[in-house]
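Reader: I am new to this structure. Please take me through one part closely, then show me what else is worth a look.

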Amino acid sequence: MTAKNSIYIGASAKDETLALKLANRHGLIAGATGTGKTVSLQILAEGFSKAGVPVFCADIKGDLSGLAAKGVSKDFLEKRARDIGISEAYTYEAFPAVFWDLLGEQGHPIRTTVSEIGPLLLSRLLELNDTQEGVLNVLFELADDEGLLLLDLKDLRAMLAHVAERASELSTLYGNVSKASIGAIQRRLLVLERQGGENFFGEPALDIRDFIRVGPDGRGVVNVLAANKLMTSPRLYAVFLLWLLSELFEELPEIGDPEKPKLVFFFDEAHLLFSGAPKALVEKVEQVVRLIRSKGVGVYFVTQNPLDIPETVLAQLGNRIQHALRAFTPRDQKAVRAAAETFRPNPDLNTERVITELGVGEALVSTLEGKGIPSIVQRTLIRPPSSRLGPITQAERRSLIQSSAVFGVYERAKDRKSAYEILMSRAEEEQRQEQRSRDKEEKHARKHGEPRRSRSGFELPDFGRDDRPKKDSIDRRSRRRSQRDTVLEAGLKSAARSLGSSLGRALVRGLMGSLKRGN
């Protein structure tokens, strides 16, 4: 069912296939709930894997975990195979799969650093306004300039305190920095932590090459992200996928149009990527989608309604599988018309009417052919999957995780020296210097008959001596009291005097503001 140069999708008046050479021209799987989108994603993932193409997909409902298990014979699956004429070739098999989870519960943990995700996506994650995003950009610029690595959320908090302490100075150098905006960012960080965001930031950071693996038998590895719990934090889910896409764009080399994709990326619940997204971010996504195909990456959006995808992005999606849509409301009717108009017309098919009549496991299919021209849309019976229809058990999942090639690489978090540790170290050193200076001065005061001062700052008379302090002693103490800060404030002032390391000066950020690891 997977030819050398194409993937078999199903049968219409002819066999409907997806050409591997044109699979990096991206695609769309759309349709109402319960119409068969997940199965369409599953059979495409199977086809790509058989062709030696690694796959990444988010498992919203848990059903895609079935890719890792051999399918079980069922009457309706066998009937579909007979109906489309593939009963002799139809077999059941499991596919090589690796499970991932941002929360670290149902797969290998996925982490990235605050520095790598960058200010644009972090602003989106924290739902910041333009002013607050501007302050966050100042923070990242300062961290880059001073060589302060932002690895996890405690680094980000320390850096926020650093920026607050230097607000007046930074406003002159980088632009206005409002302490109120810093306070708002800190409050948003609390919300993010409660949603499990602290699990996402840290080390070891994900090596994108671990998503681009081919098994010993030549089949591409299917990377399955456990996203059922992650969907309770939809903003984190969306930002993670956008970060992952930007990482692929920044890290992979240009290869033009290969004979088959280097990786295929499925964005399930794609509306979450764009819902409420600022125009600047949508433009970045469009730019990445347009350019990433030359890196050999195919991006497939999975959503209920084609209108969930901005037109500028939708125009980049050449391969389409459209399941049934319902036309109960004016918006639904508009979506049906919009979906019908995006297909190359079929004179024998009323596309707009058929979209509302499609049964489960049926779809309108149009893929690129020849020189990248869309095929005429056809009403198609989607082939049955070879892997399990439905989720695997928890015992099966644990076994697959423990036997994975990356098991043990990401399981234990690391906490190396970064912004928080550097700033605290400087704070402690300055406190020690201040204590040494105070001890020295008190020793000098005792030697010359000056009154002692307690640690609380009160003057203690030295009985038998003249209790009246000399004027120059009062002046010195006054200056010391006015300069005394908390431990963290002292450290931040010390950090401010740093000229920045060569690492900071070498940092370069990519299209979405994420850190380029190669620099």
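Which residue lies over the face of phenylalanine 249, and how many Å is it from the ring centre?

Author: Lysine 295 lies over that face, 4.5 Å from the centre of the phenylalanine 249 ring. A charge sits over a ring when NZ of Lys or CZ of Arg is within 6 Å of the ring centre and within 35 degrees of the ring normal. This is a predicted model: local features need pLDDT of at least 70, side-chain atom pairs count only at pLDDT 80 or more, and totals for chains, interfaces and linings use all residues. Numbering starts from 1 along each chain as its sequence is written, and side-chain values use heavy atoms, with hydrogens and water left out.

Phenylalanine 99 has a charge over its face too: arginine 397, at 4.8 Å from the ring centre.

Now ring against ring. The whole structure holds 15 aromatic pairs. Rings of Phe, Tyr and Trp (its six-membered ring) pair if their centres lie within 6.5 Å; planes under 30 degrees apart are stacked, over 60 edge-to-face, the rest tilted. One cluster of such rings includes Phe56, Trp100, Phe200, Phe240 and Tyr410.

Phe240 leads on to the core. The largest nonpolar core has 88 residues, and Leu122, Phe240 and Phe301 touch the most other members. Such a core is a set of buried Ala, Val, Leu, Ile, Met, Phe, Trp, Tyr and Cys residues joined through side-chain atoms within 4.5 Å. Here buried means under 20% relative accessible area, exposed over 50%, and partly exposed in between (1.4 Å probe, protein chains only). Helix α8, residues 234-251, gives this core the most, with twelve residues. Helices (H or I, at least four residues) and strands (E, at least two) are DSSP runs, numbered from the N terminus. Phenylalanine 240 touches Phe56, Leu102, Ile110, Phe200 and Leu225, leaving aside residues up to four places away in sequence. Contact means heavy atoms within 4.5 Å. Another core, of 33 residues, lies apart from the largest one; Phe48 and Val264 are among its members.

Phe48 points to helix α1, where it is one of the buried residues. Eleven of the 14 residues of α1 are buried. The helix covers residues 37-50 and should span 20 Å at 1.5 Å a residue; its end C-alpha atoms are 20 Å apart, so the two agree. That expected span is 1.5 Å times one less than the number of residues. Just past α1, glycine 52 has a positive phi of about 85°.

Charged pairs come next. The count is 28 salt bridges, each a side-chain nitrogen of Lys or Arg within 4 Å of a carboxyl oxygen of Asp or Glu. One joins arginine 25 and aspartate 257, at 3.5 Å from N to O. Arginine 25 lies in the loop between β2 and β3, and aspartate 257 in the loop between α8 and β8, so this pair ties together parts 232 residues apart in sequence. Arginine 25 is buried because its relative accessible area is 18%. Aspartate 257, at 37%, is partly exposed.

Glutamate 369 and arginine 344 form another salt bridge, at 4.0 Å from N to O. Glutamate 369 is in strand β12, arginine 344 in the loop between α12 and α13, 25 residues apart. Both ends are partly exposed: glutamate 369 at 38%, arginine 344 at 35%.

Glutamate 429 meets arginine 436 at 3.5 Å, N to O. Glutamate 429 is partly exposed at 30%, and so is arginine 436 at 47%. Finally, salt bridges link Lys50, Glu93, Asp217 and Arg219 in a network.
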